[in-house]
Amino acid sequence: MIVLWHYLAVAAALFGIGLVGFLTRRNLITMFLCAEMMLQGVAINFVAFARYHGNLHGQVFVLFILAVAACEAGVALALFLMLYRRRKSLDVSGWQELREVGVPPSLDADPLVSVPQTPDPVLTPAGGRPAPTAEDAVRV
Amino acid sequence: MMLFATTPNPLVAGQIALAALLAAAGFFLLLPKPRVRSVAGGTAAVVAALAVFGAWLYQAFGRPMPDLVGTVLFVLFSAGALGFGTVLAVQRNPARGAIAFAFVVLSTCGLFLLLAAPFLMAATVIIYAGAIIVTFLFVLMLSQSAGPSDENDRTREPLLGSLAGFAFVGLILFTLYQTQQSVGAAESAGGALSAPAALLPAPVMTPGEAAALDDATTQLRRLEDDAFYGDPAAVGTSRQERMEFVGGIERTLDGVAGVSPGKEHGTIGDGSVHGRLAAYRTDTQAKAVLERVGRVRELSRSALDKVELTITDPAKGKPDEAKAEVAKLREQVQLLRGAGELPARNVANLGLLLYADHLLAVELAGTLLLVATIGAIAIAHRRGVAA
């Protein structure tokens with residue numbers, strides 16, 4: 001029998017995964033998705049308590065969470081667009097001059113490893129290239 | 001050390017700590033970074049953490065499983081949510097992360113459905129379908145680096161971040177366990193309800209009361225029958241027997257819902273539900289149940305009086321009116337029997353609650369959406385550049 005505690009535990013774990021992602025990732029879009037995932041964890045809590053108490057106030061609260069998440073998404077994506085226009089990058093660490101006074105900057109010590117990519121195979125053209133006709137210029 | 005001194009079972013704290021450590025180690029290995037990244041090792045650690053977490057859930061809160069389908073669905077949906085959530089948090093490619101997030105949302109919607117929230121499930125699917133597509137657009141527009149990049153292949157403080165996050169989760173789980181222990185102890189000491197704690201939905205009626213209300217419902221059905229009010233010779237029961245029958249129903253309802261003070265020969269008293277819930281005056285759920293009890297009490301007085309009048313004095317009584325009243329009473333008794341369950345018409349009741357109890361909040365949410373729209377336009381506007 002699944003009781004209230006199971007739902008609360010799963011919601012806490014979902015919130016925690018989102019929290020770790022938000023704390024550690026550097027891509028703005030991934031951070032945004034992780035924050036949305038934390039909201040999902042909270043919503044599970046509310047809906048489980050609504051079922052437990054036999055009234056719909058918890059579900060109403062989740063509706064408001066959805067509204068606030070939509071506002072957050074709109075403003076956050078507009079901000080990402082502005083930040084990207086300035087730096088041409090989605091990296092949050094590109095904005096670390098906004099940090100507190102006296103905190104040393106975080107530097108990336110290890111160089112990025114680029115995976116060697118095999119180029120796509122190219123077929124040798126078979127036959128001769130057709131001679132351009134008068135129609136080709138019109139077609140293109 | 002008071003925190004751990006109250007724990008009856010030290011194994012539980014160890015299990016939570018093990019799960020949190022395994023999850024933190026797995027996330028540390030899985031998070032993208034130039035050195036020490038091991039997808040296989042990290043996946044193994046995260047799966048082991050999930051297994052320990054599941055074992056802890058079963059041991060701490062698990063009961064024998066009568067509801068097999070519900071349990072299987074719960075396990076599927078929660079494992080899906082947690083698994084795809086992990087993929088989202090450690091995925092290098094943000095487009096794949098958005099797909100994983102879509103699956104997290106779908107799994108959460110499954111959990112909503114298990115919790116009797118069909119409207120929220122539909123609303124979440126609809127809203128996040130749009131949100132995920134917009135996220136995709138942003139990934140396509142802004143994040144098209146072919147090779148490795150700082151934002152996707154590096155992580156801020158992977159070890160400290162995962163340790164902090166999962167220490168937080170472990171503490172929440174430990175608090176849940178302690179709360180459950182204390183609630184269980186209080187309930188077994190009080191002995192009010194023999195049912196285990198935190199059943200979904202919470203049991204409001206005791207089994208005895210539920211059985212009494214079921215009996216009353218079947219007996220009331222007989223009062224709605226035309227034959228009950230016919231000629232004694234044709235019905236086959238004497239007037240006396242029928243009066244006894246009505247009296248029996250009255251006593252059953254009085255035992256649960258209480259005796260009305262206005263009754264002629266009755267004493268002023270409370271039924272068992274009232275006696276149990278009267279202490280929780282401020283609780284919304286208890287208040288709703290007590291309201292239903294009051295309605296049953298009022299209706300039972302008027303309806304059963306009419307039935308008695310019809311039986312004793314067929315010339316004056318009106319069987320149709322009596323039957324209509326009895327039907328109303330039976331509905332109320334059934335509603336009282338189902339107290340504690342969510343209403344079946346989810347959307348209608350949500351709408352009623354939104355516009356009856358939370359009207360100001362609805363207006364504020366609308367204002368917030370408007371302000372956010374204006375803010376997003378103002379932020380993203382290109383100043384000084386002609387369109």
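**A first look at chains A and B**

With 13 C-beta neighbours inside 10 Å, B:Leu160 counts as partly exposed, a class between buried (20 or more other C-beta atoms within 10 Å of the residue's own, with C-beta atoms placed from the backbone) and exposed (12 or fewer). This is a predicted model, in which local features need pLDDT of at least 70, side-chain atom pairs count only at pLDDT 80 or more, and totals for chains, interfaces and linings use all residues. Residues are numbered from 1 along each chain as its sequence is written, while chains are lettered from A and ligands numbered from 1 in the order in which they are written.

**Chain A as a whole**

- Chain A has four helices and zero strands; helices (H or I, at least four residues) and strands (E, at least two) are DSSP runs, numbered from the N terminus.
- Starting at the N terminus, its elements follow the order α-α-α-α.
- The radius of gyration of chain A is 26 Å, well over the 14 Å that the globule rule gives for 140 residues, so the chain is more spread out than a compact globule. The radius is taken over C-alpha atoms, and the rule is 2.2 Å times the number of residues to the power 0.38.
- Along the principal axes, the C-alpha atoms of chain A fill a box of roughly 80 × 50 × 30 Å.
- Of its 140 residues, 43% count as buried.
- Among contacts in chain A with a separation of 6 or more, 45% come from residues 24 or more positions apart; a contact needs C-beta atoms, placed from the backbone, within 7 Å.

- The axes of H1(A) (residues 4–24) and H2(A) come within 8 Å and cross at roughly 165°. Axes are lines fitted to C-alpha atoms, for helices over the stretch in contact, and angles run from 0 to 180 degrees between N-to-C directions.
- The crossing of H1(A) and H2(A) is left-handed: the near helix is turned anticlockwise from the far one by less than a right angle, where clockwise would be right-handed.
- H2(A) also meets chain B: its axis and that of H4(B) (residues 68–90) come within 9 Å and cross at roughly 155°.
- H2(A) is thus roughly antiparallel to H4(B), and this crossing is left-handed.
- A:Leu33, A:Cys34 and A:Met37 of H2(A) make the contact with B:Gly85, B:Leu88 and B:Ala89 of H4(B).

**Helix H6 of chain B**

- H6(B) (residues 118–142) has 25 residues and reaches 36 Å from first C-alpha to last, close to the 36 Å expected at 1.5 Å a residue; the expected span is 1.5 Å times one less than the number of residues.
- Its buried residues include B:Leu120, B:Tyr128, B:Thr135 and B:Phe138.
- The buried residues of H6(B) pack against H2 (28–53) and H3 (57–87) of chain A, together with H5 (94–114) of chain B.
- B:Thr135 is 25 residues from B:Leu160 in sequence and 28 Å from it in space, C-alpha to C-alpha; B:Leu160 sits in H8(B) (residues 158–190).

**Helix H14 of chain B**

- The 19 residues of H14(B) should span 27 Å at 1.5 Å a residue, and its end C-alpha atoms are 26 Å apart, which agrees.
- Among its buried residues are B:Ala322, B:Val326, B:Leu329 and B:Leu336, and their cover includes H9 (207–223) and H13 (284–312) of chain B.
- B:Glu331 belongs to H14(B) (residues 319–337) and, with 15 C-beta neighbours inside 10 Å, counts as partly exposed.
- B:Glu331 and B:Val296 are 35 residues apart in sequence and 9.2 Å apart in space, C-alpha to C-alpha.

Definitions and conventions:
Contact = placed C-beta atoms within 7 Å. Parallel < 35°, antiparallel > 145°, perpendicular 65-115°, else oblique.
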